[in-house]
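Colleague: I would like to learn how to read the features of a model like this one. Please give the general idea each time, then the case at hand.

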Amino acid sequence: MRDDGSSERLDRLWEAYRQATPAPEPSANFMPHLWARIDAARPGSWTVPLARLAARLVPLAAAATLAMGAYIWSPRPMSNATLATSGYVDMLAADLLDDQRPTLFLGTAEESF
C-alpha cells in the first residue's frame with residue numbers, strides 16, 4: 001500500500017466537508033422542512049397541471065365511452081311510426097334479426113320430462 005500522505009489529504013477533505021455542511025438540528029419538523037426545501041428546489045413546469053388534468057379526464061372519458069356503447073348496443077323495440085317510415089330492406093333486416101335471436105322457452109318441471 002502506498003502511504004504518501006493520501007490519508008492526511010483525505011482527513012483534510014473530510015474536515016472541509018464537515019465545516020461546509022453543518023449537522024442538522026434534530027427536531028420533529030426535520031422531514032417536513034426537508035421535503036419543503038426539496039419541493040421548492042424542483043423546477044416548475046407547465047406539464048404538471050396537464051398531467052393532473054389528464055389523470056382525471058381518462059377515467060371520465062372511459063366511463064363516457066362505456067355509457068355510450070351500452071346505449072348504442074341496447075335493443076330498442078320498433079314503434080309503428082318506425083315501421084311506417086322504414087323501407088322494404090329495413091323490414092327484411094329486422095325480420096332476419098328476429099329470426100336469428102334464440103327463443104327462450106319457459107316451461108314447468110313436468111313438461112321437461
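Colleague: How many helices and strands does the protein have?

Modeller: The protein has five helices and zero strands. Helices (H or I, at least four residues) and strands (E, at least two) are DSSP runs, numbered from the N terminus. Along the sequence the pattern reads α-α-α-α-α. This is a predicted model, in which local features need pLDDT of at least 70 and side-chain atom pairs count only at pLDDT 80 or more, while totals for chains, interfaces and linings use all residues. Residues are numbered from 1 along each chain as its sequence is written, and side-chain values use heavy atoms, with hydrogens and water left out.

Colleague: What share of the residues is buried?

Modeller: Buried means under 20% relative accessible area, exposed over 50%, and partly exposed in between (1.4 Å probe, protein chains only). Of the 113 residues in the protein, 2% are buried.

Colleague: What span does H1 reach, and what is expected?

Modeller: The expected span of a helix is 1.5 Å times one less than its number of residues. H1 reaches 21 Å from its first C-alpha to its last, close to the expected 21 Å.

Colleague: Which geometry does the aromatic pair have?

Modeller: A pair of aromatic rings is described by the distance of the centres and the angle of the planes. Rings of Phe, Tyr and Trp (its six-membered ring) pair if their centres lie within 6.5 Å; planes under 30 degrees apart count as stacked, over 60 as edge-to-face and the rest as tilted. The structure holds one aromatic pair. The ring centres of Trp14 and Tyr17 are 5.9 Å apart with the planes at 85°, so the pair is edge-to-face. Trp14 and Tyr17 are three residues apart in helix H1 (residues 6-20), about one helical turn. Trp14 is partly exposed at 45% relative accessibility, and Tyr17 is partly exposed at 48%.

Colleague: How many salt bridges does a search of the whole structure find?

Modeller: Side chains of opposite charge can pair when their charged atoms come close. A salt bridge is a side-chain nitrogen of Lys or Arg within 4 Å of a carboxyl oxygen of Asp or Glu. The search finds two. In one, Arg18 meets Glu15 at 3.7 Å, N to O; these residues are three apart in helix H1, about one helical turn. Arg18 is exposed at 51% relative accessibility, whereas Glu15 is partly exposed at 39%. In the other, the closest N and O atoms of Arg42 and Asp39 are 3.2 Å apart.

Colleague: Which residues make the nonpolar surface patch?

Modeller: Patches are made of residues with over 30% relative accessible area and no salt bridge: like charges are joined within 9 Å, nonpolar side chains (Val, Leu, Ile, Met, Phe, Trp, Tyr) within 5 Å. Trp46, Leu50, Leu53, Leu57 and Leu60 make a patch of about 570 Å². Accessible areas come from the Shrake-Rupley method with a 1.4 Å probe; for residues, only the protein chains shown count as cover. Trp46 lies in the loop between helix H2 (30-41) and helix H3 (47-73) and is exposed at 67%.
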